[in-house]
Amino acid sequence: MKILMIASEAEPFAKTGGLADVVGALPRALARLGHAVDVVIPRYRGVTAGERAGRVVVPLDGSPRAADIFTVRDRGVRTVFVDHPGYYDREHLYGTGGEDYADNPARFTLLVRVALEWAASTGDRYDVVHAHDWQAGLAPVLLDRAFRGSPAFGRTATVLTIHNLAYQGLADRAWLGRLGLGAELMHVDALEYWGRISFLKGGIAFSRVITTVSPRYAQEIQTPEYGFGFDGILRHRAADLVGILNGIDYDQWDPARDPHLPVAYDAEHLEAKHALKRLVCETFGLEAPEPAGRPLVAMISRLVDQKGFDLVTQIADELPRLDASFVLLGTGEPRYEALWRGLAARHPGRIGARIGFDEALAHRIEGGADLFLMPSRFEPCGLNQMYSLRYGTVPVVRATGGLYDTVQNVDSATGRGTGFTFDAYSADALLAALRRALETYRNRPAWRRIQAAGMRQDFSWEASARQYAAAYERATIGTGDLPGGPGGPERERDGIR
Ligand code: ADP
Ligand code: GLC
């Protein structure tokens, strides 16, 4: 199949989170299965890859906008960069100081429009347009409204992947006209959402198949607790909604060949982790660890509510009383940055914090830590718990979304399992799971068995890529009876406006 993927980030070019890992690795896995994938992302500040390969002009926000196209080929995938410095040559990808850039609707509409125009100009026929998250949510909408006449897209199937329902791409309705979108899209069955427009809702309404990044999350988002107001819309599309667990890229995340680690190891040579632990403790100025001594608990995360940092705040006074050391690598909300800076300042030697984004350090922490903490309030998939399993770093997680699907709670009777999970979103439940893990850590043979069980898990991309290919097939078969858009059947009204 010939696939056009549109997204706002892709590793190794631009990354703020797991979306980039997925948009980097999935196309390579699809290419290994024999599919041809073009991935379109913005050419942000700092992106130097690619050769200039043309120019596209599209009307937007009252004037024609020109974008230069750069392309690069790597591991069977063509990545296409949309260069429009006024929009993308900025300090951050999405916003600054906790605020989104005010022109994000225009920035990501340009991305999608240019992607479709460029693809239409290549002379290729695309079997699938695969959009990721709200930033690409208008792709199926624009395809339906403006590109069906193009030979490139005459019979193209549309697939939207929701990586995180919390980000809905909401904008004032006035944007509709500014973006050149017809007023009829201000409709309950299209983009309209409580008087505003939602790019994500448009993507859901106009895509033939909707995927999300774990089977559990696919079910959760159909409930009010996890649906962020979209549960009714998603229940309505339940027959077209599939959960496909993310894979992990073992070319990047494998302790036996990770270029960021000074020492390589595998399940048979776990003693090497001690040298890495010493290195991490040194990096964070913590007391040097004894072999099999006090365990090191790590977090690597965006510092946002989703990741459970309010629970961590509640147990902050308990942390130094536990027989463990802690390191955090992350950036995000100022109050959580302050929390960790404060903890590290009050308990040097036991708690370390690095506020920033550091890929190499993230790999070394996965290598050196004994436990990895992810007490998420919700987690569409989560990648770090899977990296941790591979690195023999035992995860302690809340059983939600992808965490539920990937970490098996250690059974106290049999000792079987790959990590420690808790159900209730509460500080007590988190603390109890952490205590259970720290106690088990002292039983060295039991701990080794848990580490080995985790390292044996296979989360390689191939199986997931096959499921995406199946979703593309399904979307293709369904083309023609597009469910979205005004004129479609009247919707069930519960929870939908
Ligand atoms: P999310 O996408 O919600 O942030 P995931 O677990 O899916 O969560 O993916 C997070 C990705 O971003 C992982 O690859 C993780 O290692 C990386 N990451 C997050 N914060 C940092 C950071 N401060 N420095 C380096 N890598 C980070
Ligand atoms: C989102 C989710 C995360 C998921 C990632 C990649 O950022 O928060 O759980 O792993 O997307 O799909």
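Author: Arg75 is partly exposed, with a relative accessible area of 42%. Buried means under 20% relative accessible area, exposed over 50%, and partly exposed in between (1.4 Å probe, protein chains only). The model is a predicted one, in which local features need pLDDT of at least 70 and side-chain atom pairs count only at pLDDT 80 or more, while totals for chains, interfaces and linings use all residues. Residues are numbered from 1 along each chain as its sequence is written, chains are lettered from A and ligands numbered from 1 in the order in which they are written, and side-chain values use heavy atoms, with hydrogens and water left out.

Reader: Where is Arg75 found, and what is its phi near?

Author: Most residues other than glycine have a negative phi, and most peptide bonds are trans. Arg75 is found in the loop between β4 (63–74) and β5 (77–83); helices (H or I, at least four residues) and strands (E, at least two) are DSSP runs, numbered from the N terminus. Arg75 is not a glycine, yet its phi is positive, near 45 degrees.

Reader: Is Asp133 buried or exposed?

Author: Asp133 is found in the loop between β8 (128–132) and α4 (138–147). Its phi is positive too, about 60 degrees, although Asp133 is not a glycine. With a relative accessible area of 9%, Asp133 is buried.

Reader: Is the peptide bond from Glu11 to Pro12 cis or trans?

Author: Pro12 lies in the loop between β1 (2–6) and α1. The omega of the bond from Glu11 to Pro12 is near 5 degrees, and the bond is cis.

Reader: Which residues come nearest to ligand 1?

Author: A residue is near a molecule if one of its heavy atoms lies within 4 Å of it. There are 22 residues around ligand 1. By class they are 7 nonpolar, 8 polar and 7 charged, where Ala, Val, Leu, Ile, Met, Phe, Trp, Tyr, Cys and Pro count as nonpolar, Asp, Glu, Lys and Arg as charged, and the others, Gly among them, as polar. Those that come nearest are Gly18, Arg302, Lys307, Gly356 and Leu383.

Reader: How much of the accessible area of ligand 1 does the protein cover?

Author: A polar contact is a pair of N or O atoms within 3.5 Å; within protein, one must be able to donate a hydrogen and the other to accept it, and residues adjacent in sequence count only if both atoms are side-chain atoms. A polar side-chain atom of Lys307 lies 2.7 Å from an oxygen atom of ligand 1, and a backbone N or O atom of Gly356 lies 2.8 Å from a nitrogen atom of the ligand. On its own, ligand 1 has 560 Å² of accessible area (Shrake-Rupley method, 1.4 Å probe). The protein covers 94% of that area.

Reader: Which element gives the most to the shell around ligand 1?

Author: The shell draws at least three residues from each of domain 1 (2–247 + 464–496) and domain 2 (270–455); these bounds come from an automatic or database domain assignment. With 3 residues, the element that gives the most is β15.

Reader: How much of ligand 2 does the protein bury?

Author: Ligand 2 is surrounded by 13 residues, and His163, Asn246, Glu379, Cys381 and Gly382 are the closest. An oxygen atom of ligand 2 is 2.5 Å from an N or O atom in the side chain of Glu379. Taken alone, ligand 2 exposes 310 Å², and the protein buries 94% of that.

Reader: How many residues of helix α6 are buried?

Author: At the start of α6, a side-chain oxygen of Ser198 reaches to within 3.3 Å of the backbone nitrogen of Leu200. The buried residues of α6 include Phe199, Ile204 and Phe206. Helix α6 (residues 199–206) is mostly covered, and its buried residues number 8 of 8.

Reader: Which side chain does a polar contact join to that of Asp249?

Author: Asp249 counts as buried, at 13% relative accessibility. A polar atom of its side chain lies 3.0 Å from the backbone nitrogen of Asp251. The side chain joined to that of Asp249, by a polar contact of 2.7 Å, belongs to Arg28.
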